[in-house]
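Here are my notes on the model, as numbered points. Please read them with the structure open.

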Amino acid sequence: MASQTIEPLAPGAVIGILGGGQLGRMTAIAAAQLGYSSHIYCPEAGAPATQVSAHSTVADYTDQAALAEFAKAVDVVTYEFENVPFVAAETLARHVPVRPSPDILRICQNRLREKDFCRSVEVPTAPYALITRAQDLHERVAEFGRPCILKTAELGYDGKGQVLIGRDSDLDAAWAQMADAAAATGVILEGFIDFRLEISVIVARGLGGARQVYVPVENQHKNHILDQTIVPARVSQRVADKAEGIARHLAEKIDLVGLLAIEMFVTADEQVLVNELAPRPHNSGHWTLDAAVTSQFEQCVRAIAGLPLGATDRLTDAVMKNLLGDEAAGAQAALSDPNVKLHLYGKAEARPGRKMGHTTKLIRR
Ligand code: AMP
């Protein structure tokens, strides 16, 4: 293949970010380091990302006039969460490069499309099926066995929009619980995976097709929200190789430009099954800010700006701990350990379960 010259965005260019949360904030900080400025587009005033960015637009994602102005003001657009309406990304893409592409966003917004995509490129997932009526549920539960999980196809995150079907669950009652979601976005049933642990891998792919992958990390949840990430994941080399291979393969097949975070289950017999995809920096990659050669946020900016990707090597082992709600109140105390790094997101109100910040403990030998 003839090598193609890629002109990176010049310093001074403006990175447009849809979404104003902590992922956008840390991406904007990385963009600034590379000489870019950021323009945040989000519906909430004073959001974490706007606090560290030169420009912001506070408008709804369906505001066509605001989107048109935003498109004129930026050189490339990315997003920091995947529930941006697809039409917003598609509208912007007519005027300015959107990376990762709206097509990728569309796949990652919907569990059925995600799993269908994985299946189409021979990447294993839990058994799954679209459920459109109670009859389907009865048939598929008989096929997958109990327990199994009903999930809304869209807009569920951190365990929201899920119903566990246990040994004694009444299927008609479970279906009734999901009826609204089924009508709105569709519902899928997944076979229950008796996993040994949950891991994730973040892969970056540049404009020219180069890929870099971070080491698999181990994710521990509390109340369905990520609590801790252990770096690296405590898995065999075989599992790590399999997980990295899946990440590289998906990045290639989905024609990624940017980052793709892949959550996976690892079973006792060393199967690696994909659970979810996110086309953006990921909470489980926060350790890279302090313990990798190139952070996931810098890598994201490099990829979407057409710069060469950085090395993803891990400098030390680490444990990243999310600070949820009130946990952030006494967070500065963690700094009494000189190997702990503290990141706070500038959120005023500590609602229960809200991600307020994180610490990364560097495990130096
Ligand atoms: P999700 O919203 O798909 O990330 O699911 C939230 C959490 O529920 C996951 O992190 C798992 O701990 C659990 N979970 C989701 N799907 C399955 C499954 N098919 N089998 C077992 N556990 C699951």
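1. Start with one side chain. That of Gln-296 reaches the backbone oxygen of His-282 at 2.8 Å. This is a polar contact (a pair of N or O atoms within 3.5 Å; within protein, one must be able to donate a hydrogen and the other to accept it, and residues adjacent in sequence count only if both atoms are side-chain atoms).

2. A word on the basis. This is a predicted model, in which local features need pLDDT of at least 70 and side-chain atom pairs count only at pLDDT 80 or more, while totals for chains, interfaces and linings use all residues. Residues are numbered from 1 along each chain as its sequence is written, and side-chain values use heavy atoms, with hydrogens and water left out.

3. Back to Gln-296. Its place is in helix α11; helices (H or I, at least four residues) and strands (E, at least two) are DSSP runs, numbered from the N terminus. Gln-296 has 0% relative accessibility, so it counts as buried (under 20% relative accessible area; exposed is over 50%, partly exposed in between; 1.4 Å probe, protein chains only). Beyond its neighbours within four places in sequence, Gln-296 is in contact with residues including Ile-202, Tyr-214, Leu-259 and His-286. Contact means heavy atoms within 4.5 Å.

4. Now the sheet. It is open, with four strands in the order β3-β2-β1-β4 and parallel pairing; strands pair if DSSP finds at least two bridges between them. β3 (55–58) and β4 (76–79) stand at the edges with a single partner strand each, so one side of each has no neighbour in the sheet. The twist averages 20° from one strand to the next. β2 (residues 37–42) and β3 pair over four bridges. His-39 has His-55 in β3 as its bridge partner.

5. Helix α2 (residues 64–73) packs on this sheet and touches β1 (14–18), β2, β3 and β4. Its direction makes about 170° with that of β2. Axes are lines fitted to C-alpha atoms, for helices over the stretch in contact, and angles run from 0 to 180 degrees between N-to-C directions.

6. Which residues touch the most other members of the largest nonpolar core? They are Ile-15, Leu-18, Tyr-36, Tyr-41, Val-77 and Leu-92, out of 39 residues. Such a core is a set of buried Ala, Val, Leu, Ile, Met, Phe, Trp, Tyr and Cys residues joined through side-chain atoms within 4.5 Å. α1 gives the most, with five residues.
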